[in-house]
Amino acid sequence: MNDIPTRKQASGVWRNTRLVTLSEGAEGLGLVENAAIAVVDGRIAFAGPDRNLPANLSGRLETVDCEGRVMTPALIDCHTHLVHGGNRAREFQMRLEGATYEEIARAGGGIVSSVKATNALSVDQLVESALPRLDTLLSEGVSTVEIKSGYGLNVTAELNMLRAARKLETLRPVRVVTSYLAAHATPADYKGRNGDYITDVVLPGLDAAHAEGLVDAVDGFCEGIAFSTAEIARVFDRAKALDLPVKLHAEQLSNLGGAKLAASYGALSADHLEYLDAEGAAALAKSGTVAVLLPGAFYALREERLPPVQALRDAGARIAIATDCNPGTSPLTSLLLTMNMSATFFRLTVAECLAGTTREAARALGLLADTGTIEVGKSADLALWNIEDPAELVYRIGFNPLHERIFRGQRIGQ
């Protein structure tokens, strides 16, 4: 993964705060009362009770009085399609007026419209289109965003999406993780020829993206309307040859065994999972593959099949949550609302929601060694909130209590 563009990395001490560390092995949220956190050159040098703050840190670093506010790790959105052209508000309206999926598709809607709109934009135009969505996420304390390709469906357009994603982190203080998702859908000229599309577009595009340093992970959509497990395996084999980690959209509309396939490749994550069975949950837990739940798509599609949260818990699988920000099935740019949806629809606990947008989201991106918890040595990616109880971050709807965002030790503000 490319380094974040050079910015002055601040040092300082934040005192009089309530730390939600979410550290591995901590009980619950890892809450530390009357706490302090010291940052040196963008890294956490101390985090714990204020009384234990070393004198050599408290005496030489600028001090910020948090006035009792709650501080958490900065939030992480581990599944987005943030870069794309156009929107699908018109087909949303058509559905409300009674149009069927087939009628919308005949009118040029669905993924076809997003592909057409995305292909029409240059890299700079894709960046310009994505910035408002990114800024909205950042305004809620987000430090890290995963961005997928997948609306180009030809080599040039897929690469342009990834180039746009890379450019975003040169324009904002954010860490961007890219996922190559050419195996998202089959374009019209390859209808009924998935294998040829993989041979002609997906694999050569992956090679080109890797050669240009544009790809951090490889994704796919394993579903009856997309690609089979055998077809996805071809893509994963190429990723493995390039030493790239994999992840997968799996079990969203049916159970094709995509999660088990992902687990067999040691995937970072398997995402959606409404139709996951107990065997699939066990496979994820055994491989360490994170289950990423996406309540925005569940909500927008008015689904009734809930992901098997208890089966994931029983198996010991890790659970993350994300916006799935995309123009068609989850036009959502709020991780705070995502947490509330996850609690309300999926009955996740407050601790699961907060861990799911920090520690487990970092794990789902292969970044847990560097971010996602408040621990010494990690990047100082933090969020300071105007709240008294961490549960407020999950409980409130449409309310943003962010006081300050801190990225690699740099105070960003709201």
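User: Why is leucine 337 called partly exposed?

Analyst: Leucine 337 has 26% relative accessibility. Buried means under 20% relative accessible area, exposed over 50%, and partly exposed in between (1.4 Å probe, protein chains only). Therefore leucine 337 counts as partly exposed. This is a predicted model: local features need pLDDT of at least 70, side-chain atom pairs count only at pLDDT 80 or more, and totals for chains, interfaces and linings use all residues. Residues are numbered from 1 along each chain as its sequence is written, and side-chain values use heavy atoms, with hydrogens and water left out.

User: What makes glutamate 146 and lysine 247 a salt bridge?

Analyst: Their closest N and O atoms are 3.6 Å apart. A salt bridge needs a side-chain nitrogen of Lys or Arg within 4 Å of a carboxyl oxygen of Asp or Glu. The pair therefore qualifies. Glutamate 146 lies in strand 7 and lysine 247 in strand 10, so the bridge ties together parts 101 residues apart in sequence. Strands (E, at least two residues) are DSSP runs, numbered from the N terminus.

User: How do you know that arginine 175 is buried?

Analyst: Its relative accessible area is 3%, so arginine 175 is buried.

User: Which salt bridges does arginine 175 form?

Analyst: One is with aspartate 370, at 3.5 Å, N to O. Another is with aspartate 381, at 3.0 Å.

Technical notes. Helix = DSSP H or I, 4+ residues; strand = E, 2+ residues; numbered from the N terminus.
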